[in-house]
Amino acid sequence: MQTATAQAQNVQLKAEGQVRVNKRLSDLGMCSRREGDAWIENGWVLVNGEVATMGQLVSVTDKIEIQRAAQEQQAQQVTILLNKPMGYVSGQAEDGHEPAVVLINPPNHWREDRSKTRFNFSQLKGLAPCGRLDIDSVGLLVLTQDGRIAKHIIGEDSEVDKEYLVRVVYGSVEKDVERHFPEDKLALLRHGLSLDGQALLPAEVDWQNPEQLRFVLREGKKRQIRRMCEAVGLHVVGLKRIRIGKVTLGNLPVGQWRYLGANEGF
């Protein structure tokens with residue numbers, strides 16, 4: 001346990017612009033904070049030529065290096081694109097429903113995947129979803145071992161947008177919903193709604209066809225689209241994510257997966 005003197009010194013150092021080395025690694029885009037901690041534990045991080053210690057504070061002028069072992073481990077990390085079916089949760093198992101990661105196995109690997117990466121079960125270790133996709137929603141789900149990609153997609157400063165196709169009904173209106181839905185409410189979907197006491201960022205919302213809306217969002221609150229629609233009197237009967245950043249779902253069949261290609265990026 002730190003003494004009062006040590007705690008006071010840490011406060012002073014942070015006040016002078018220093019941060020923990022794992023955060024510095026993350027800020028530099030080298031890895032996630034969690035991955036940085038693992039590297040530090042393995043002795044793979046150097047600060048000014050010296051092996052870093054857990055919780056060590058550094059400044060922007062300190063020279064941060066990582067050992068070849070960390071680079072090699074990171075090069076082996078995979079990112080997987082899954083066309084999630086209904087009935088699976090995107091994260092941890094809950095209420096008896098299986099997590100989408102159980103679908104990542106050889107039989108479900110898309111035969112048209114052009115990646116040269118070959119599947120092995122070590123790729124499931126630390127494989128985590130980048131963002132939510134509700135149990136009743138389908139479409140593109142990204143799972144990655146690479147903390148850099150996770151931060152890029154769902155980090156606090158992320159500007160990666162996500163595109164969805166959303167089938168809706170308006171009260172008793174199931175056909176030609178576009179014609180019956182007021183323009184002022186469509187404008188509210190684009191900008192003006194709040195959830196959980198916070199104003200939502202502007203969104204792109206347009207009619208894809210008379211019963212289906214196209215949403216493009218730059219944030220991902222829990223059940224955001226469904227709650228936005230409820231706020232203006234719409235009921236969502238189908239929701240599919242078709243794009244995250246520059247990566248599209250394409251022809252990937254439901255329930256199947258492929259690797260992120262070497263020439264692809266979000």
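Q: How far is the sulfur of Cys130 from the closest cysteine sulfur?
A: The distance is 15 Å, and the partner is Cys31. That is too far for a bond. A disulfide here is a pair of cysteine sulfur atoms within 2.5 Å.

Q: Before we go on, what kind of model is this?
A: It is predicted: local features need pLDDT of at least 70, side-chain atom pairs count only at pLDDT 80 or more, and totals for chains, interfaces and linings use all residues. Residues are numbered from 1 along each chain as its sequence is written, and side-chain values use heavy atoms, with hydrogens and water left out.

Q: Is Cys31 buried or exposed?
A: Buried, with a relative accessible area of 2%. Cys130 is buried, also with a value of 2%. Buried means under 20% relative accessible area, exposed over 50%, and partly exposed in between (1.4 Å probe, protein chains only).

Q: Switching to Arg24. Where is it?
A: Arg24 is in helix α2, residues 21-27. Helices (H or I, at least four residues) and strands (E, at least two) are DSSP runs, numbered from the N terminus.

Q: Which side chain of opposite charge is nearest to Arg24?
A: Asp27, 5.2 Å away. Arg24 is buried yet has no salt bridge. A salt bridge needs a side-chain nitrogen of Lys or Arg within 4 Å of a carboxyl oxygen of Asp or Glu. Lys and Arg count as positive, Asp and Glu as negative; His and the chain ends are not counted.

Q: What does Arg24 touch?
A: Leaving out residues up to four places away in sequence, Arg24 touches Val19, Val58, Ser59, Val60 and Ile64. Contact means heavy atoms within 4.5 Å.

Q: Now backbone. What is the phi of Asn48?
A: Positive, about 55 degrees, although Asn48 is not a glycine. Most residues other than glycine have a negative phi. Asn48 sits in the loop between β2 (45-47) and β3 (50-51). Asn48 is partly exposed, at 46%.

Q: And what about the phi of Asp196?
A: Positive, about 55 degrees, and Asp196 is not a glycine. Asp196 lies in the loop between β10 (194-195) and β11 (198-199). Asp196 is exposed, at 60%.

Q: Last one. Where is Pro182?
A: In the loop between α6 (177-180) and α7 (183-190). Pro182 counts as partly exposed at 26% relative accessibility.
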